[in-house]
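Here are my notes on the model you sent. They cover the charged pairs and then the sheet.

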Amino acid sequence: MIRFIRALTALCFLLVPGGAGAYTDPIVCPPPFTELTPAANAARASDAAFLHLRDIGSDAGYLAADRSAFFAMGTRSAEALPPYILAEGQLRIVLFLGKGTPLPGGLAVGGPASDIVRIFGPVYPVSRSDIYENEPRSGMYTENTHTFRDGRMFRYYTLTYADRNGRSVQFLVDRDTKTIAAAACWDDSLFSRPDTAAADALTRWGLWRLLFPSPTGQGALAL
């Protein structure tokens, strides 16, 4: 599974800063993914590492058997697609969820958030696009709170970096523990609100429960 996650991470362009430029070029995706192989077929060919979760609209969701990662991809076969509708097999977003799951830049879910800034560069408020859209090795951040139905609250930052080709990596940082709670990768302008892409995907696909499980049986009808 770890080998497959690393391959999937490479698929998500591994935005590892280095060299003379602000970012490295995208890394070529290793097997089992190729430009001609839909993501779902590749996942199914990888020791059943990913299981079909469900379809929502024009996207299909796949969750790792060990719940360490998730990806959504397009299902439409039509040639002329409206904005934000993906062709069959095209990745929309990949979420890294399980503690210890490898992330771009040699990071891991559960690791210290300070390593993000050390590796990728400083982050500035989302309103300061004059800085992070022009300064090499910089990104943006937002401050957020997710409230669960049982009243629990998760206070977090989103730290987002983009390469010169519009590819992005986003980290959700626990504001209380200053650790990486989850991360996401996506390609091109697939979201109207990229600053909330990871949180929106967690909500859309019902995945917050994997990051913060409720007590067993909570809310179940007792007869």
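1. A residue counts as buried under 20% relative accessible area, as exposed over 50%, and as partly exposed in between. Keep in mind that this is a predicted model.

2. Start with the total. With a side-chain nitrogen of Lys or Arg within 4 Å of a carboxyl oxygen of Asp or Glu as the rule, the count is six salt bridges. Three of them deserve a comment, pair by pair.

3. Arg92 and Asp59 form one of these salt bridges, at 2.4 Å from N to O. The two residues come from distant parts of the chain, 33 residues apart. Arg92 sits in strand 4 (residues 91–96). Asp59 sits in strand 2 (residues 59–64). Are the two buried or exposed? Both Arg92 and Asp59 are buried.

4. Glu143 and Arg175 make another salt bridge, with an N to O distance of 3.1 Å. Glu143 belongs to strand 6 (residues 139–147), while Arg175 is in the loop between strand 8 (168–174) and strand 9 (180–186), so this pair ties together parts that are 32 residues apart in sequence. Arg175 has a relative accessible area of 11%, which means that this residue is buried.

5. Arg193 and Asp195 also meet through their side chains in a salt bridge, 2.5 Å from N to O. Asp195 has a relative accessible area of 9%, so Asp195 is buried.

6. Nine strands form an open sheet in the order 1-2-3-4-9-8-7-6-5. The pairing is mixed. Which strands are at the edges? They are strand 1 (50–56) and strand 5 (123–125), and each pairs on one side only. From one strand to the next, the twist averages 25°.

7. Take the pairing of strand 1 with strand 2 as a detail. Strands of a sheet pair through backbone hydrogen bonds, either parallel or antiparallel. Strand 1 and strand 2 take the antiparallel sense, over six bridges. Asp55 has Ala60 in strand 2 as its bridge partner.

8. Last, a helix against the strands. Helix 5 (residues 197–204) lies across strand 1, strand 4, strand 6, strand 7 (153–162), strand 8 and strand 9. Helix 5 runs at about 90° to strand 4. Strand 4 is also the strand that holds Arg92 of the pair with Asp59.

Conventions
Residues are numbered from 1 along each chain as its sequence is written. This is a predicted model: local features need pLDDT of at least 70, side-chain atom pairs count only at pLDDT 80 or more; totals for chains, interfaces and linings use all residues. Side-chain values use heavy atoms; hydrogens and water are left out. Helices (H or I, at least four residues) and strands (E, at least two) are DSSP runs, numbered from the N terminus. Buried means under 20% relative accessible area, exposed over 50%, partly exposed in between (1.4 Å probe, protein chains only). Two strands pair if DSSP finds at least two bridges between them. Axes are lines fitted to C-alpha atoms, for helices over the stretch in contact, and angles run from 0 to 180 degrees between N-to-C directions. Contact means heavy atoms within 4.5 Å.
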